[in-house]
Amino acid sequence: MLDELSGLYVLTARDMFSLLEQPQYSHLVLWISFFEIYQGNIIDLLNKRNKLNAREDAKSKIVIKGLREVPLRSVENLIEVFDYGSSARSTGTTDANADSSRSHAIMQLTLKTKGEKNKVFGKFSFIDLAGSERGADRGEANAQTRLTSTAYSKRV
């Protein structure tokens, strides 16, 4: 998703920065946040792996209390911030992948108005689910896991 030429994050950021150059959107700024959900915990990947809490606000909207948001200046800046957050992500080793993600990661690009209030204008959420290599690829000892995974992959 992060291929520096045609990845989803990069293509989206390019489009967003292109729009922000237009006069009717000059009042907006693009922000990024990046967190993971690992073993039932919400962890801020841009702020020293701080544990966070999800809360419901007065408008019944879910808010991640204390989540760090960083303003973006360019597509290159997005890649830098993403790389920084990715390096903090929980990973593990499987037989199929030496560096498999163990968490669900959520990167959000948020358009906000400039100024003190920073009112949200729009938001994109990109969700990278935890590694889910097939049991047969992981070298699972459990034959049932291998059979189920193989049968499932043939159906899909």
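Me: Before we start, what should I keep in mind about the model?
Reply: It is predicted, so local features need pLDDT of at least 70 and side-chain atom pairs count only at pLDDT 80 or more, while totals for chains, interfaces and linings use all residues. Residues are numbered from 1 along each chain as its sequence is written, and side-chain values use heavy atoms, with hydrogens and water left out.

Me: Okay, how many aromatic pairs are there?
Reply: Three. Rings of Phe, Tyr and Trp (its six-membered ring) pair if their centres lie within 6.5 Å; planes under 30 degrees apart are stacked, over 60 edge-to-face and the rest tilted.

Me: How do Tyr-9 and Phe-126 sit?
Reply: Their centres are 5.0 Å apart and their planes are at 80 degrees, so this pair is edge-to-face. Tyr-9 is in helix α1 and Phe-126 in strand β9, 117 residues apart; helices (H or I, at least four residues) and strands (E, at least two) are DSSP runs, numbered from the N terminus.

Me: And Phe-34 with Phe-82?
Reply: That pair is stacked, because the planes are at 20 degrees, with centres 5.0 Å apart.

Me: Is Phe-34 buried or exposed?
Reply: Buried, at 2% relative accessibility. Buried means under 20% relative accessible area, exposed over 50% and partly exposed in between (1.4 Å probe, protein chains only). Phe-82 is buried too, at 11%.

Me: Which residues form the aromatic cluster?
Reply: Tyr-9, Phe-34, Phe-82 and Phe-126 make up one cluster.

Me: New topic: what sits over the ring of Trp-31?
Reply: The charged end of Lys-112, 5.3 Å from the ring centre. The cut-offs are NZ of Lys or CZ of Arg within 6 Å of the ring centre and within 35 degrees of the ring normal.
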